[in-house]
Amino acid sequence: METRLLSASEYDIAVAGKIIAGGGLVAFPTETVYGLGANAFDEAAVKKIYAAKGRPSDNPLIVHIAEKEDIIPLVKEVTPKAKALIDAFFPAPLTIILPKSEKIGNAVSGGLDTVAVRMPQNKTACALIKAAGVPIAAPSANTSGAPSPTKAKRVIEDMNGKIDAVICGGDCDFGVESTVVSLAGEVPVILRPGAVTKEMLEEVIGKVEVSPAVLEGMAENETAASPGMKYKHYAPKAKIIIVNARRERYEKFVNSRKNAFALCFEGDKVTVPKVTYGTENSDLSQAREIFDALRTLDDMGAKKVYARIPKKTGVGMAVYNRLIRAAAFRIIDLEKPFLIGLTGQTGAGKGFAGEYLKSLGFIVLDADIYARRVCEKNSPVLSVLSEKFGNDIIVNGELNRPLLAERAFSSEKNTQLLNSITHPAVLELCRKEAVFPAVLDAPLLFESGADGLCYKTIAVLAPKELRLERIMRRDGISEHEARLRMRAQKSGKFYKENSDFTVINDGRDIKNQILNVLEEIL
């Protein structure tokens, strides 16, 4: 198919309108992003959109209208809240969802009983709808899953040869798709944030909720009620990783990464190749530039990109929503005290893993060492231990560790008591001394709740008999004593279920396993 390149002149818009009316596809500019339009009443034409984009058929489309009253035949009822939003905002980068009328087919609604409708501000878009003489169903004019196009050249890159025409109407003003709010339930719910913010909507219709899928992703088996709700969306070819960090920490982190690219704000002091998307304090500039910035990274051949996190309020919520989907929900949280929590069963080789991480440049804080420090002579912890486990565990002011271990590990209740006394003090000391990139080496990482202080967790496991042999040799204790210690710990299943990653230290190359984990999370 030959794709015609049209201008935004009155004559070319009339040509494009005839293409739409005749069942063809036309890409056109709106104030948000470029849309790929078809006659909303022509099911065959609408299905061409899905084919051109490679879009899943259960992903609903938005119907674009030219006049406010054009919504009436598309829905069962214009509710009072819908009328209030239409009167207050249309035309606007705002889409409202209502139960659909019989005029709307399943191809447009993605098989749902609702329809999404908006009236664009862009003069070219409105002129095209009028020239076509029908409402226009249109998603963004890009290959499904790729960053939405805000420039005509990006549409041509994706759609040339697949559609009938592109109206080259300049760059889009807002840069992210419209806000989508569902009015199909009792309480209005934002399904996709955009330039019309939650606060702006609430000024008109009162309480508005935000779908959890906006910032956290869709639940398993959840149906997409709006475009852009899918798990991975707006994604370039590069692997995007969002970095939650203040400016200085982000700069230090990204500048330390090899073969990395940065997606950052103007003025960030980044030494690796970078693309900026607006300024730190202007969410409107971020929204306008985010999609083209993602495509520019592909132009540069980026493979791994560390993106500085935007705020999650106002229009920033829309930017974060697009970026988190582009990143497939990958986030490095550098605001947590520890980059990695390292744990595992006794005798599995956690210490070896810690030493290897240290050789790679990580700062490893060993909770066992800090546990000794909090039990030093005259410490408050020591006095509590003697009160609970007997005064005879203190000899000349020093802790008799073997005696304490014998009593503490004699029952699960005693073990829990010991942990409740020592854990808070140990964690507080570790937190105070954590320096990026810190690793917390803690046998009881999960039991103490310390995993909540870590970005990701790694558990080191090994076969039971191999662990037993190692413990006896390492600590010079009997088999009975070693088994007592092993019984006091959780099972391998527990660690697998609670850790982000597990490595097996049974003779295979544990270093490569750790490197593979680091490649995945960093």
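1. Ile240 of strand E12 (residues 239–244) has Val305 of E15 as its bridge partner. Strand E15 covers residues 304–308 and runs parallel to E12, with five bridges joining the two. Strands here are DSSP runs of type E with at least two residues, helices are runs of type H or I with at least four, and both are numbered from the N terminus. Two strands count as paired if DSSP finds at least two bridges between them.

2. Before going on, a word about the source: this is a predicted model, where local features need pLDDT of at least 70 and side-chain atom pairs count only at pLDDT 80 or more, while totals for chains, interfaces and linings use all residues. Residues are numbered from 1 along each chain as its sequence is written, and side-chain values use heavy atoms, with hydrogens and water left out.

3. Back to E12, which also pairs with E16. Three bridges join these two strands, and they run parallel. Ile242 stands opposite Ile331 in E16. E12 is mostly covered, with five of its six residues buried; buried means under 20% relative accessible area, exposed means over 50%, and partly exposed lies in between (1.4 Å probe, protein chains only).

4. Five strands form an open sheet with parallel pairing, in the order E14-E13-E15-E12-E16. Strand E14 (274–276) and E16 stand at the edges with a single partner strand each, so one side of each has no neighbour in the sheet. On average, neighbouring strands of this sheet are turned by 25 degrees against each other, direction ignored.

5. Which strands does H9 lie across? They are E12, E13, E15 and E16, and H9 runs at about 170 degrees to E15. Helix H10 (residues 283–299) lies across E12, E13, E14 and E15, at about 170 degrees to E13. For such angles, axes are lines fitted to C-alpha atoms, for helices over the stretch in contact, and the values run from 0 to 180 degrees between N-to-C directions. Contact means heavy atoms within 4.5 Å.

6. Two loops deserve a look for their backbone angles. Asn259, in the loop between helix H9 (247–256) and strand E13 (261–264), has a positive phi of about 55 degrees although it is not a glycine. Ala328 lies in the loop between helix H11 (316–326) and strand E16 (331–333), and its phi is near 50 degrees, again a positive value in a residue other than glycine. Are these residues buried or exposed? Asn259 counts as exposed at 74% relative accessibility, whereas Ala328 counts as buried at 9%.

7. The other sheet is open too, and its pairing is mixed: eleven strands follow the order E1-E8-E2-E3-E7-E4-E6-E5-E9-E10-E11. Strand E1 (4–6) and strand E11 (209–210) are at the edges, each with a single partner strand, so one side of each is left without a neighbour in the sheet. Within this order, E5 and E9 pair in the parallel sense over four bridges, and Thr95 has Val180 of E9 as its bridge partner.

8. H3 (residues 80–89) packs with helix H7 (residues 198–205) at an angle of about 120 degrees, their axes being 9 Å apart. Lys81, Ala84, Leu85, Ala88 and Phe89 of H3 make the contact with Met200, Leu201, Val204 and Ile205 of H7. Among the contact residues, eight are nonpolar, none is polar and one is charged.

9. Please also check two cis peptide bonds. One joins Phe90 and Pro91, with omega about -5 degrees, and Pro91 is in the loop between H3 and E5. The other runs from Phe436 to Pro437, with omega near 0 degrees; Pro437 is in the loop between helix H16 (412–433) and strand E21 (438–441).

Key
Nonpolar A, V, L, I, M, F, W, Y, C, P; charged D, E, K, R; others polar.
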